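Colleague: Before I rely on any of the labels attached to this model, I would like to hear what stands behind each of them.

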Amino acid sequence: MLVGMKAGARLTQLEGADIASMSTAQATTALQTISAVKGKAEQLEAAITRRLDELHAAGQAAPVADALSRSGKRSRRDAERIERRSGVLGETPKLDAALGKGKVGVEHADALATAAGRLDDNQRSELFEMDRQITEHACSSTPETFRRWLNKTVDDITADDGLARAAQQEAAVTASLKRNDDSGMFHLFAKLTPEQGNRIRRRLDAEAAVLAKRDDLKKLRHDQLLAHALDRIVAGEGSVAGMAPAEVAVLIDLATLTSGERTEQTVCEYSDGTPVPVATARRHACDAHLIPVVLNGDGMPL
């Protein structure tokens, strides 16, 4: 009943379909139907999440992330992502409606949440006032292309090329190592810039991949392997300790690299999608290996 009669009827129709005999056209239509059903469910999830947030503010419910983790069988990271997504959808009703109709996906909403996170309260309000324009771009582009447009839009709102944000991140860098008196275990926490984080993550992943091949460590989870990898690298015993400095991968188009200017059609970001100020990317390019890639109109490598 929560899905709604229209979405529910579509789901029932899909459940009764003979997938083995579907034609290409029928399979394509079925996928479009699934997108619409998923969109409606995700729209409702966002609305319910906002209601839980209201109840928590009134002291009648647990924190939203906790409630999602327990009732939705979600990881903590997924729960926090859903909470951020529901917040921006509440501020952009047209994008929310497009999600409910399956015209956009949650990846578009997550991209908006990430972009909004780079702004202060007044700047976020300015971004959300562009609801109609945001929705039009989301409906007509892939999540990756939409994210790049958002990055350029955020840079325009902040009237810089991400340099102010980069300066803020640099100033916020911190690390702490504390021992828990009860367990005797040490807890390490670090807040790093995107450049630092990408570099350290690549080095840790490389060392963890080596450790995963050892018979005595094969059964460890990835996070446990990362802890062992960090210890070995710090001790100078890591298999990758003597390697050249860890690499960071930056994706930037030729026009932006040569001109130093960004437009809505250009890209300048780390491999994980984190925006990079053009000045930073050009600095990387001074001593980097350049790999030319031809992309189509949707930004997909050809």
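**What stands behind the labels**

Modeller: Strand 2 (186–191) and helix 12 (222–234) each supply at least two residues of the nonpolar patch, where helices (H or I, at least four residues) and strands (E, at least two) are DSSP runs, numbered from the N terminus. This is a predicted model, in which local features need pLDDT of at least 70 and side-chain atom pairs count only at pLDDT 80 or more, whereas totals for chains, interfaces and linings use all residues. Residues are numbered from 1 along each chain as its sequence is written, and side-chain values use heavy atoms, with hydrogens and water left out.

Colleague: Which residues make the nonpolar surface patch, and why is L230 called partly exposed?

Modeller: The patch, of about 530 Å², is made by L177, F186, L188, L230 and V234. L230 has a relative accessible area of 32% and is therefore partly exposed, given that buried means under 20%, exposed over 50% and partly exposed in between (1.4 Å probe, protein chains only).

Colleague: What makes helix 11 and helix 12 roughly perpendicular to each other?

Modeller: Helix 11 (residues 194–211) and helix 12 pack at an angle of about 105°, with their axes 8 Å apart. Helix 11 and helix 12 are therefore roughly perpendicular, because angles under 35 degrees count as roughly parallel, over 145 as roughly antiparallel, 65 to 115 as roughly perpendicular and the rest as oblique.

Colleague: Why is helix 5 called roughly parallel to helix 8?

Modeller: The axes of helix 5 (residues 93–100) and helix 8 (residues 131–139) come within 7 Å and cross at roughly 30°. That angle makes helix 5 roughly parallel to helix 8.

Colleague: What makes R85 and E45 a salt bridge?

Modeller: The closest N and O atoms of R85 and E45 are 3.8 Å apart, and a salt bridge is a side-chain nitrogen of Lys or Arg within 4 Å of a carboxyl oxygen of Asp or Glu. R85 lies in helix 4 and E45 in helix 2 (residues 24–57), so the pair ties together parts that are 40 residues apart in sequence. D110 also forms a salt bridge with R85, the closest N and O atoms being 2.8 Å apart.

Colleague: How do you know whether R85 and E45 are buried or exposed?

Modeller: R85 has 9% relative accessibility and so counts as buried, and E45, at 18%, counts as buried.

Methods:
Patch = residues over 30% accessible without salt bridge, like charges linked within 9 Å, V, L, I, M, F, W, Y side chains within 5 Å. Areas by Shrake-Rupley, 256 points an atom, 1.4 Å probe, with all protein chains shown as cover. Axes fitted to C-alpha atoms, helices over the stretch in contact; angles between N-to-C directions.
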